[in-house]
Amino acid sequence: LLPDSAYQVLMSKAPATKQPVWIVNHPKTVHEILVSRDAFYRKSDLLADGLRPLLREGMLISDGSTWARQHTLVAAAFGRQRLPATLARLAIAIEEMVTELKEMAPGTEVDLGALASRLSADALYRAIFARRPSAPDGRRLLDALASVEQHIARLDLVQIFTRGSGTATEVDAATREMATRLRDEIGRHVDFRIRSGAVEGNDILGALLTARLEGVPEGGGRGGLDRGEVIDQIATFFIAGHDT
(Lines give C-alpha, C1' and ligand atoms only; values in the text may rest on other atoms or scores of the structure.)
Protein backbone atom coordinates (compact mmCIF):
# COMPACT_ATOMS: atom_id res chain seq x y z
CA LEU A 1 0.00 0.00 0.00
CA LEU A 2 3.00 2.34 0.43
CA PRO A 3 4.82 4.05 -2.45
CA ASP A 4 8.56 3.50 -2.93
CA SER A 5 9.19 7.02 -1.66
CA ALA A 6 7.93 5.99 1.80
CA TYR A 7 11.13 4.01 2.26
CA GLN A 8 13.42 6.82 1.10
CA VAL A 9 12.41 9.72 3.37
CA LEU A 10 13.50 10.38 6.96
CA MET A 11 9.91 11.05 8.02
CA SER A 12 6.66 11.44 6.13
CA LYS A 13 2.92 11.43 6.71
CA ALA A 14 1.15 8.48 5.11
CA PRO A 15 -1.33 9.61 2.42
CA ALA A 16 -5.06 8.88 2.28
CA THR A 17 -5.54 7.75 5.88
CA LYS A 18 -8.18 9.21 8.18
CA GLN A 19 -6.01 8.21 11.12
CA PRO A 20 -2.83 10.36 11.13
CA VAL A 21 -0.05 7.88 10.34
CA TRP A 22 3.61 8.92 10.22
CA ILE A 23 6.34 6.86 8.59
CA VAL A 24 9.69 7.16 10.40
CA ASN A 25 12.90 5.81 8.88
CA HIS A 26 15.79 7.67 10.54
CA PRO A 27 17.49 5.40 13.13
CA LYS A 28 17.95 8.21 15.67
CA THR A 29 14.27 9.13 15.50
CA VAL A 30 13.25 5.47 15.78
CA HIS A 31 15.48 5.17 18.87
CA GLU A 32 13.87 8.27 20.37
CA ILE A 33 10.36 6.90 19.83
CA LEU A 34 11.10 3.39 21.10
CA VAL A 35 13.75 4.01 23.78
CA SER A 36 14.97 7.41 24.89
CA ARG A 37 11.63 9.26 24.89
CA ASP A 38 9.21 6.36 24.71
CA ALA A 39 6.94 7.88 27.39
CA PHE A 40 5.91 10.56 24.87
CA TYR A 41 4.89 8.02 22.21
CA ARG A 42 2.10 5.75 23.37
CA LYS A 43 1.07 2.74 21.31
CA SER A 44 -1.63 3.16 18.70
CA ASP A 45 -5.24 2.95 19.88
CA LEU A 46 -5.99 1.09 16.65
CA LEU A 47 -3.58 -1.66 17.66
CA ALA A 48 -4.54 -1.69 21.33
CA ASP A 49 -8.32 -1.59 20.85
CA GLY A 50 -8.30 -4.30 18.21
CA LEU A 51 -6.17 -6.69 20.27
CA ARG A 52 -7.43 -5.92 23.79
CA PRO A 53 -10.18 -8.60 23.84
CA LEU A 54 -7.41 -11.17 23.40
CA LEU A 55 -4.30 -9.65 24.99
CA ARG A 56 -5.91 -7.51 27.74
CA GLU A 57 -2.69 -5.96 29.13
CA GLY A 58 -0.16 -8.03 27.19
CA MET A 59 3.22 -6.43 26.42
CA LEU A 60 2.36 -5.83 22.77
CA ILE A 61 -0.26 -3.21 23.70
CA SER A 62 0.67 -2.11 27.24
CA ASP A 63 2.49 1.17 27.95
CA GLY A 64 4.41 3.04 30.60
CA SER A 65 4.84 1.55 34.07
CA THR A 66 2.65 -1.46 33.19
CA TRP A 67 4.93 -2.37 30.30
CA ALA A 68 8.08 -1.76 32.37
CA ARG A 69 6.89 -4.05 35.16
CA GLN A 70 5.92 -6.79 32.70
CA HIS A 71 9.23 -6.46 30.87
CA THR A 72 11.17 -6.99 34.11
CA LEU A 73 9.17 -10.10 35.02
CA VAL A 74 9.00 -11.62 31.53
CA ALA A 75 12.69 -11.09 30.66
CA ALA A 76 13.67 -14.34 32.41
CA ALA A 77 11.68 -16.33 29.85
CA PHE A 78 14.24 -15.29 27.24
CA GLY A 79 17.40 -15.58 29.31
CA ARG A 80 20.48 -17.13 27.75
CA GLN A 81 20.24 -20.25 29.90
CA ARG A 82 16.83 -21.09 28.38
CA LEU A 83 17.81 -20.68 24.75
CA PRO A 84 19.46 -24.11 24.14
CA ALA A 85 16.34 -26.01 25.24
CA THR A 86 14.09 -23.68 23.22
CA LEU A 87 16.22 -24.03 20.07
CA ALA A 88 16.26 -27.82 20.45
CA ARG A 89 12.44 -27.87 20.50
CA LEU A 90 12.29 -25.67 17.40
CA ALA A 91 14.73 -28.00 15.64
CA ILE A 92 12.57 -31.04 16.43
CA ALA A 93 9.50 -29.30 14.98
CA ILE A 94 11.43 -28.54 11.79
CA GLU A 95 12.86 -32.06 11.52
CA GLU A 96 9.39 -33.59 11.84
CA MET A 97 8.10 -31.29 9.09
CA VAL A 98 11.04 -32.26 6.84
CA THR A 99 10.30 -35.94 7.42
CA GLU A 100 6.64 -35.36 6.53
CA LEU A 101 7.63 -33.66 3.28
CA LYS A 102 10.10 -36.42 2.36
CA GLU A 103 7.38 -39.03 2.78
CA MET A 104 5.09 -37.31 0.28
CA ALA A 105 4.79 -38.86 -3.16
CA PRO A 106 6.67 -37.07 -5.98
CA GLY A 107 4.51 -34.41 -7.58
CA THR A 108 2.41 -33.78 -4.47
CA GLU A 109 1.24 -30.15 -4.39
CA VAL A 110 1.95 -28.31 -1.12
CA ASP A 111 0.39 -25.07 0.11
CA LEU A 112 3.52 -23.34 1.43
CA GLY A 113 1.53 -20.68 3.27
CA ALA A 114 -0.44 -23.26 5.22
CA LEU A 115 2.70 -25.32 5.80
CA ALA A 116 4.65 -22.36 7.20
CA SER A 117 1.71 -21.35 9.37
CA ARG A 118 1.41 -24.84 10.83
CA LEU A 119 5.16 -25.15 11.41
CA SER A 120 5.43 -21.79 13.20
CA ALA A 121 2.40 -22.58 15.39
CA ASP A 122 3.84 -26.00 16.21
CA ALA A 123 7.25 -24.51 17.09
CA LEU A 124 5.69 -21.78 19.24
CA TYR A 125 3.60 -24.32 21.12
CA ARG A 126 6.69 -26.38 21.92
CA ALA A 127 8.68 -23.32 23.01
CA ILE A 128 5.89 -22.16 25.34
CA PHE A 129 4.67 -25.51 26.72
CA ALA A 130 7.66 -27.85 26.15
CA ARG A 131 5.55 -30.51 24.39
CA ARG A 132 4.03 -31.39 21.05
CA PRO A 133 0.57 -30.00 20.18
CA SER A 134 -0.57 -33.45 19.10
CA ALA A 135 -3.05 -34.05 21.94
CA PRO A 136 -6.63 -32.76 21.52
CA ASP A 137 -6.02 -29.81 23.85
CA GLY A 138 -3.04 -28.72 21.77
CA ARG A 139 -4.96 -28.94 18.52
CA ARG A 140 -7.87 -26.98 20.03
CA LEU A 141 -5.50 -24.20 21.08
CA LEU A 142 -3.88 -23.93 17.64
CA ASP A 143 -7.28 -24.03 15.91
CA ALA A 144 -8.42 -21.18 18.19
CA LEU A 145 -5.23 -19.26 17.35
CA ALA A 146 -5.89 -19.57 13.61
CA SER A 147 -9.50 -18.42 14.02
CA VAL A 148 -8.71 -15.34 16.12
CA GLU A 149 -5.92 -14.27 13.75
CA GLN A 150 -8.30 -14.36 10.79
CA HIS A 151 -10.79 -12.17 12.63
CA ILE A 152 -8.27 -9.66 13.97
CA ALA A 153 -6.53 -9.25 10.61
CA ARG A 154 -9.71 -7.81 9.13
CA LEU A 155 -9.73 -4.91 11.58
CA ASP A 156 -6.38 -3.27 10.91
CA LEU A 157 -6.26 -1.91 7.37
CA VAL A 158 -9.96 -1.13 7.07
CA GLN A 159 -9.99 0.99 10.22
CA ILE A 160 -6.74 2.84 9.43
CA PHE A 161 -8.28 4.07 6.18
CA THR A 162 -11.87 4.63 7.31
CA ARG A 163 -11.85 5.76 10.95
CA GLY A 164 -10.92 9.25 12.03
CA SER A 165 -8.56 10.12 14.87
CA GLY A 166 -10.01 9.56 18.33
CA THR A 167 -12.61 7.05 17.11
CA ALA A 168 -12.52 3.77 19.00
CA THR A 169 -11.78 0.63 17.03
CA GLU A 170 -14.86 -1.56 16.70
CA VAL A 171 -14.36 -5.21 17.57
CA ASP A 172 -17.20 -7.42 16.40
CA ALA A 173 -18.85 -10.13 18.50
CA ALA A 174 -17.28 -12.95 16.47
CA THR A 175 -13.77 -11.62 17.13
CA ARG A 176 -14.49 -11.28 20.85
CA GLU A 177 -15.85 -14.82 20.92
CA MET A 178 -12.73 -16.19 19.21
CA ALA A 179 -10.50 -14.23 21.62
CA THR A 180 -12.36 -15.65 24.62
CA ARG A 181 -12.02 -19.16 23.20
CA LEU A 182 -8.25 -18.79 22.75
CA ARG A 183 -7.79 -17.32 26.24
CA ASP A 184 -9.83 -20.20 27.71
CA GLU A 185 -7.60 -22.74 25.97
CA ILE A 186 -4.44 -21.02 27.23
CA GLY A 187 -5.96 -20.83 30.71
CA ARG A 188 -6.52 -24.60 30.72
CA HIS A 189 -2.82 -25.16 30.00
CA VAL A 190 -1.81 -22.72 32.74
CA ASP A 191 -4.15 -24.29 35.31
CA PHE A 192 -2.99 -27.83 34.49
CA ARG A 193 0.62 -26.81 35.03
CA ILE A 194 -0.20 -25.13 38.34
CA ARG A 195 -2.28 -28.08 39.58
CA SER A 196 0.42 -30.58 38.62
CA GLY A 197 2.97 -28.65 40.67
CA ALA A 198 5.33 -28.49 37.67
CA VAL A 199 5.62 -24.73 37.87
CA GLU A 200 9.31 -24.55 37.09
CA GLY A 201 10.25 -25.70 33.63
CA ASN A 202 12.76 -24.85 30.95
CA ASP A 203 10.09 -23.29 28.75
CA ILE A 204 8.31 -19.95 28.47
CA LEU A 205 5.33 -20.99 30.60
CA GLY A 206 7.68 -22.21 33.33
CA ALA A 207 9.46 -18.86 33.36
CA LEU A 208 6.18 -16.95 33.55
CA LEU A 209 4.85 -19.11 36.36
CA THR A 210 8.10 -18.59 38.26
CA ALA A 211 7.67 -14.84 37.77
CA ARG A 212 4.07 -15.24 38.95
CA LEU A 213 5.26 -16.67 42.25
CA GLU A 214 8.55 -14.89 42.88
CA GLY A 215 8.92 -11.85 40.67
CA VAL A 216 9.34 -8.45 42.24
CA PRO A 217 9.71 -5.47 39.88
CA GLU A 218 12.64 -3.11 40.29
CA GLY A 219 11.90 -0.49 42.91
CA GLY A 220 9.34 -2.60 44.74
CA GLY A 221 5.61 -2.34 44.08
CA ARG A 222 3.27 -5.19 43.18
CA GLY A 223 4.94 -8.57 42.98
CA GLY A 224 4.74 -11.35 40.41
CA LEU A 225 2.34 -11.93 37.54
CA ASP A 226 -1.17 -13.08 38.40
CA ARG A 227 -2.96 -15.82 36.44
CA GLY A 228 -4.62 -13.38 34.05
CA GLU A 229 -1.30 -11.68 33.29
CA VAL A 230 0.34 -15.03 32.52
CA ILE A 231 -2.46 -15.68 30.00
CA ASP A 232 -2.02 -12.14 28.60
CA GLN A 233 1.67 -12.72 27.90
CA ILE A 234 1.24 -16.21 26.43
CA ALA A 235 -1.47 -14.88 24.11
CA THR A 236 0.93 -12.07 23.16
CA PHE A 237 3.73 -14.53 22.32
CA PHE A 238 1.38 -16.65 20.22
CA ILE A 239 -0.07 -13.72 18.25
CA ALA A 240 3.17 -11.76 17.81
CA GLY A 241 5.27 -14.83 17.05
CA HIS A 242 2.87 -16.65 14.75
CA ASP A 243 1.80 -13.55 12.85
CA THR A 244 5.44 -12.67 12.17
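Q: Which residue does Glu96 form a salt bridge with, at 3.5 Å between the closest N and O atoms?
A: That partner is Arg132, where a salt bridge means a side-chain nitrogen of Lys or Arg within 4 Å of a carboxyl oxygen of Asp or Glu. The pair links distant parts of the chain, since Glu96 is in helix 4 and Arg132 is in the loop between helix 5 and helix 6 (136–162), 36 residues apart. Helices here are DSSP runs of H or I with at least four residues, numbered from the N terminus.

Q: What sort of model is this?
A: This is a predicted model, in which local features need pLDDT of at least 70, side-chain atom pairs count only at pLDDT 80 or more, and totals for chains, interfaces and linings use all residues. Residues are numbered from 1 along each chain as its sequence is written, and side-chain values use heavy atoms, with hydrogens and water left out.

Q: Back to salt bridges, how many are there in the whole structure?
A: A search finds 14, and one of them joins Arg126 to Glu96, with the closest N and O atoms 2.7 Å apart. Arg126 lies in helix 5 (residues 112–129) and Glu96 in helix 4 (residues 83–102), so this pair ties together parts that are 30 residues apart in sequence.

Q: Is Arg126 buried or exposed?
A: Arg126 is buried, at 4% relative accessible area, whereas Glu96 is partly exposed at 31%; buried means under 20%, exposed over 50% and partly exposed in between, with a 1.4 Å probe and protein chains only.

Q: And how accessible is Arg132?
A: Arg132 is partly exposed, with 46% relative accessibility.

Methods
Helices (H or I, at least four residues) and strands (E, at least two) are DSSP runs, numbered from the N terminus.
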